[in-house]
Amino acid sequence: MNKELQDIEIELFKNIFQSSVEGILVVDANGCIIKANLASAKLFGYDLDELENQEIEILIPNKFKKIHQNHREGYITKPNPRTRTQHLELWGQKKDGSQFPVNISLSPTTIAGKKAVIAFVVDITAQKKQDTLFSIRNNALASTSNGILITDAQKKGNPIIYCNAAFTKITGYKEEEVLDKNCSFLQRDDVNQKAISVIKNAIQNEQLCNVIVRNYKKDGTLFWNNVSITPVFNEDNILTNYIGVQNDVTNKVKQENLKNHTQKILELIAENQSLKTISTKITKIIEDHFKNCLASILVLDKENKVLHNYTSAHLTKNIPGNTEDSTTELKEDFFGTIEFLKKEIFVSKTEEKILWEGHKEIALKNDLKVCCSSPILSSTKNILGRFTIYSKDGRKASKEEKKILLDLSHLASIAIEAHNKGIELQENKRALEQQALELEEKVLELKKEKELLYRYMNTASSIFLVINANHKIEFANRKACEVLQVLHHEIIGKNWFNNFIPERNRKKLSAIFDQVIKSEIAPIDAYENKVLAGNRERIIQWRYGIIRDHNNYPISVISSGIDITEEKRLEKELEVSRNQLAKYAKELEKKVENRTEELTITAKQLVTSNLSLEDQIEETLAAEKIAAASKYLSSAIAKNFPNGFIIVFNRNFQIILIEGASVKPLKLDTIIFHDTTIDDFPIFSTEQKTKLKQDISKTIGGEHLSFEIRYKNQYFAANTSPLIDKEGIISSALFVYNDITAQKKIEKDTKQALEKERELNELKSRFVSMASHEFRTPLSAIQTSAILIAKQNEVGYELKREKYVNQIQKNVKQLVIILNDFLSLSKLEEGKLMTNNKLFDFVALSKTILEEVSITKNRGKNIIFSTPIKPVFINLDPKLVSHILMNLLSNAIKYSPENTDIIIKIKENDFFVSLEVKDLGIGIPEEEQDKLFERFFRAKNVQNIEGTGLGLNIVKQYVDLMGGTISFKSAINKGTTFLIKWPKLTKRPTKLINQTTK
């Protein structure tokens, strides 16, 4: 029985010896290999029978053989068990001569009474590579510009166990001051932040989060911190750590807040809020944005020689130039003098200056060390007031602060000018309001009539819509609003095709509608089409008819519809269900076959993987577990590098590390791989590769580089840093790319806002320049004529007085024309101008206007009028048509030289009535023709000729209002031709034909 057990044990040990995954060599006292297992033979590249009875030194590189022989002889003399030699650098040599790092454990033994040694050999090549990569990642973390914290999630309070240099630089705390603390010390007492609740919730649920919080540096300074928190789990999925990546975004937040405040102030100006409200907002921005500063805005009233103070809540009334009263008389003191100076005044050490001599105690009491006062100038560089800043820091404003102050001063200028312009327009507004009341009464009457016509349709169960010739919805009943998912006031006036017809069908259906409304094709009796109802499309079955005016002219279409969406859906779903039943049956059979194959493969894999490594030394497992956790932690930090990515290059321009949150979104992991060189990158040109190589060489040479790049419409700020290996030599270069696309967008938006503001100022300047010139000239002529009448108020001067009276009447008429243009423009902008269409003879109206113009036109200018023999009837607003013809004719006379013809033609065909006005004058420069219909625009060749720049703008809007079109052709010194077309009535009324005949 004992013999049988011994045989079993011997066989068992043989199997363990040969099946071990570690190389095992048995060596005698003379260094001769007695026994080797399969793993050791494979490790060194030999066959099993080749190793036995060989000297152990054949497995040692030449340079280590002598040293190894001495060690071996010493070990035989004093044998002791030795575990893995992690502190020694040991190398093995394969049969082919290649060398590789190894780890060796030694165990002395006795075989047949002779000393021997059992050596356990492990190839650690992969481990060496991992250790090198781990060292590089640690160096990368220490070199990044982002603050990084690591906390221990296993301990109470999540204490900090690591912080990098960037964190101490951002916060001002030393490393020993933050270790073993909870991160909450950065919030101090400012704990009621929504972002902090988000962080706490993420930590409680072991989740990622990214927030911006208010933090405080060691010296108490507030800074805005963009924090990204990542939980780290071990291989057992147990939370072990949290990684916090911090980025100081204070400047970005300040710029965003300043931009929002500026936008709100512009909105207040547009809403005509009071000047005091706007000024208070501006000074509050200064006091919030600049530390230890107070601000004041003083507005100059030149006529009454007083200063209006709109912001004095935070300032002592005894400070020079400041008062609690609403106004201050100007005197020959500090502000009384500089109010009229267009320059900046800077007072340092206020308690020592003469102008502050009587206010030394106040300056000391309020700790006001510096006073800076800047003029607020209008767009024409006239003084409007002063913007004054009082500082407690005793320093001048930085370049960036001066730019912010200049922008806010410009906002104050816009607000003051808008305020002044509002006062000037008050009287005109009252007159317009009276006219508006009258128009409202007329509108109410029309609404009552329309309500009577449409009331019965509101109770119908079908959809009813009335759409006019301009595609606008004039009426929609309750059922229409219900189906289209809109309120009644939201649908009226909307373009039917642009708002409720899918884009793919819009062009086709609107073209058919236009043909029907123009009587070019007959209406379709019934049809179906899809409409937009909220976020969905619905199918409507329509029937419609034509609504005509009293002249039988088509003006709109009335449509009735039924929602058949559900009927269509049920039909479609029934068909789909039938098809899917057949499809599911086939798919089910296929899935059963696939699952059977998968289970068979899985069973085979389980049998194959049944071997285990139960003979691993317990100490080795523990050490490897700690190393794996540490490497996992480092890898998690690199992989989750927020808002960008990290690349490490070696001296051979190979990538040895690429990690970060942006790698996968940018798909870099599909084109850039570890151990590839820059020359293998398909995304770079030859020039870009050369530049990148130069940057890598400079960085490895010890330089720190910073630059920006653009990739796939995203912008990145790149910072490079040399990385030092464990021997103190720069062996690689770290490139850190931070995504700055959001910052670039803010810069772009700011530039666009400034450009819009510049255009507004240019338009305002053109208006002021025009108004001052066009009002000044006739007023001066009136004043001169009145003076001459007063001096020649005697018998015998009747003819001269009559001449001067005519001059006054002429200039008053000119002023009335200018004011009427302004009023017309105002009505058009407010949408209050209503057309009063009537059927009239266009030829007769034109002749009347020509007779009026002929009386006042200059000699030497001939007007040629060409028209059909018969009257031309149009259904338009005669008052607006008169204004159009008068303006075009006046321009033709004004800009034509003497002895030239002005040709006016009226034509008609089956569809249109046209008006053509042609002159042989100075023409319009080609480069300025696209601006001709813009408000206040005047071409460069007419600057010395009177005019407001509003006439053609109003003409264009009148033509559009009456459904017409206007075009022109012009050439310098050859003349200009304007052509206007209006749709023509399909049929002329019999009554008017008879009247014409008579």
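Helices, cores and loops

User: Which residues in H10 meet Lys254, Leu258, His261, Ile265, Leu268 and Ile269 in H9?

Analyst: Helices (H or I, at least four residues) and strands (E, at least two) are DSSP runs, numbered from the N terminus. Contact means heavy atoms within 4.5 Å. The listed H9 residues meet these partners in H10: Ile278, Lys281, Ile282, Ile285 and His289.

User: What is left out of the side-chain values?

Analyst: This is a predicted model, in which local features need pLDDT of at least 70, side-chain atom pairs count only at pLDDT 80 or more, and totals for chains, interfaces and linings use all residues. Residues are numbered from 1 along each chain as its sequence is written, and side-chain values use heavy atoms, leaving out hydrogens and water.

User: Is H9 roughly parallel or roughly antiparallel to H10?

Analyst: Axes are lines fitted to C-alpha atoms, for helices over the stretch in contact, and angles run from 0 to 180 degrees between N-to-C directions. Angles under 35 degrees count as roughly parallel, over 145 as roughly antiparallel, 65 to 115 as roughly perpendicular and the rest as oblique. The axes of H9 (residues 250–270) and H10 (residues 275–289) come within 10 Å and cross at roughly 170°. This crossing therefore makes H9, relative to H10, roughly antiparallel.

User: How do H9 and H13 lie, roughly parallel or roughly antiparallel?

Analyst: The axes of H9 and H13 are 10 Å apart, and the helices pack at an angle of about 10°. The pair is therefore roughly parallel.

User: How far apart are the end C-alpha atoms of H13?

Analyst: The expected span of a helix is 1.5 Å times one less than its number of residues. H13 (residues 399–424) has 26 residues, so it should span 38 Å. The model agrees, with its end C-alpha atoms apart by 38 Å.

User: Which residues touch the most other members of the largest nonpolar core?

Analyst: A nonpolar core is a set of buried Ala, Val, Leu, Ile, Met, Phe, Trp, Tyr and Cys residues joined through side-chain atoms within 4.5 Å. Buried means under 20% relative accessible area, exposed over 50%, partly exposed in between (1.4 Å probe, protein chains only). The largest core has 40 residues, and those touching the most other members are Phe842, Val881, Ile884, Leu915, Ile980 and Trp982.

User: Which element gives the largest share of this core?

Analyst: Elements that each supply at least two residues include H24 (842–856), H25 (878–894), E31 (912–919) and E33 (975–983). The largest share is eight residues, and it comes from H25.

User: What is the relative accessible area of Leu915?

Analyst: Leu915 sits in strand E31. Leaving aside residues up to four places away in sequence, it touches Phe842, Leu885, Ile904, Lys905, Ile906, Phe978, Leu979 and Ile980. Leu915 is buried, at 1%.

User: How far apart in space are Leu59 and Lys94, C-alpha to C-alpha?

Analyst: Leu59 lies in the loop between H3 (48–51) and H4 (62–77). It is buried, with a relative accessible area of 3%. In sequence, 35 residues separate Leu59 from Lys94; in space the distance is 6.5 Å.

User: Where is Asn158?

Analyst: Most residues other than glycine have a negative phi. Phi of Asn158 is positive, near 50°. Asn158 is buried, with a relative accessible area of 14%. Its place is the loop between strand E6 (147–152) and strand E7 (160–163).

User: What is the phi of His471?

Analyst: His471 is found in the loop between E17 (463–468) and E18 (473–476). His471 is buried, with a relative accessible area of 14%. Although not a glycine, His471 has a positive phi of about 70°.

User: What share of the 998 residues in the protein is buried?

Analyst: The secondary structure comes to 27 helices and 33 strands. Among contacts between residues at least 6 apart in sequence, 53% join residues at least 24 apart. The buried share of the 998 residues is 38%.
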